[in-house]
Amino acid sequence: SRLRLLPVGGTYFQLADYSAISDKDDLGFCEWMTKEGGVAAIPVSAFYETPPADLRLIRLCFAKSDEVLADAAARLSAL
């Protein structure tokens, strides 16, 4: 995948920088990725009252079965 994973610890969520894929805002990218890629993500801007400009981060949940994660990885690699 062209997503750049950020270091995380002690969580079921992975932050990923999608700037190598798109320059859409994070909400627009999450909508596009759900429709076109079949993988849902959470826009990180949802956690800010005033998000930083040019925020290109999404939040993925990996508390899923191995089968679902393998399918999602294949879909994300195709983006």
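The questions and answers below concern this predicted model.

User: Which element gives the largest share of the lining of the largest pocket?

Analyst: The largest pocket holds about 320 Å³ of space. Two elements give two or more residues to its lining, strand 4 and helix 2 (66-77). The largest share is 6 residues, and they come from helix 2.

User: How many residues in the lining of the largest pocket are nonpolar?

Analyst: The lining has 16 residues, with Leu-60, Cys-61, Leu-69, Ala-72 and Leu-76 nearest the centre. By class, 1 is charged and 3 are polar. The nonpolar count is 12.

User: Is Cys-61 buried, partly exposed or exposed?

Analyst: Cys-61 sits in strand 4, residues 57-61. Leaving out residues up to four places away in sequence, it touches Tyr-12 and Phe-13. Buried needs under 20% relative accessible area, and exposed needs over 50%. Cys-61 has 29% relative accessibility, so it is partly exposed.

User: And Asp-17, buried or exposed?

Analyst: Asp-17 belongs to strand 2, residues 13-17. Beyond four places in sequence, its contacts include Arg-2, Arg-4 and Arg-56. Its relative accessible area is 13%, so Asp-17 is buried.

User: Which side chain forms a polar contact with that of Asp-17?

Analyst: Asp-17 also touches Leu-3, Leu-6 and Leu-57, among others. The polar contact in question joins two side chains at 2.6 Å. The partner of Asp-17 there is Ser-19.

User: How far apart in space are Cys-61 and Ala-20?

Analyst: In sequence, Cys-61 and Ala-20 are 41 residues apart. In space, taken C-alpha to C-alpha, they are apart by 20 Å.

Notes:
Residues are numbered from 1 along each chain as its sequence is written. This is a predicted model: local features need pLDDT of at least 70, side-chain atom pairs count only at pLDDT 80 or more; totals for chains, interfaces and linings use all residues. Side-chain values use heavy atoms; hydrogens and water are left out. Helices (H or I, at least four residues) and strands (E, at least two) are DSSP runs, numbered from the N terminus. Buried means under 20% relative accessible area, exposed over 50%, partly exposed in between (1.4 Å probe, protein chains only). Contact means heavy atoms within 4.5 Å. On a 1 Å grid over the protein atoms alone, a cavity is a set of points where a 1.4 Å probe fits but cannot get out, and a pocket is an open set with protein on both sides within 12 Å along at least five of seven lines; lining residues have an atom within 4 Å of a point. Grid points are joined across faces, edges and corners, and a volume is the space filled by probe spheres set on the points. Ala, Val, Leu, Ile, Met, Phe, Trp, Tyr, Cys and Pro count as nonpolar, Asp, Glu, Lys and Arg as charged, and the others, Gly among them, as polar. A polar contact is a pair of N or O atoms within 3.5 Å; within protein, one must be able to donate a hydrogen and the other to accept it, and residues adjacent in sequence count only if both atoms are side-chain atoms.
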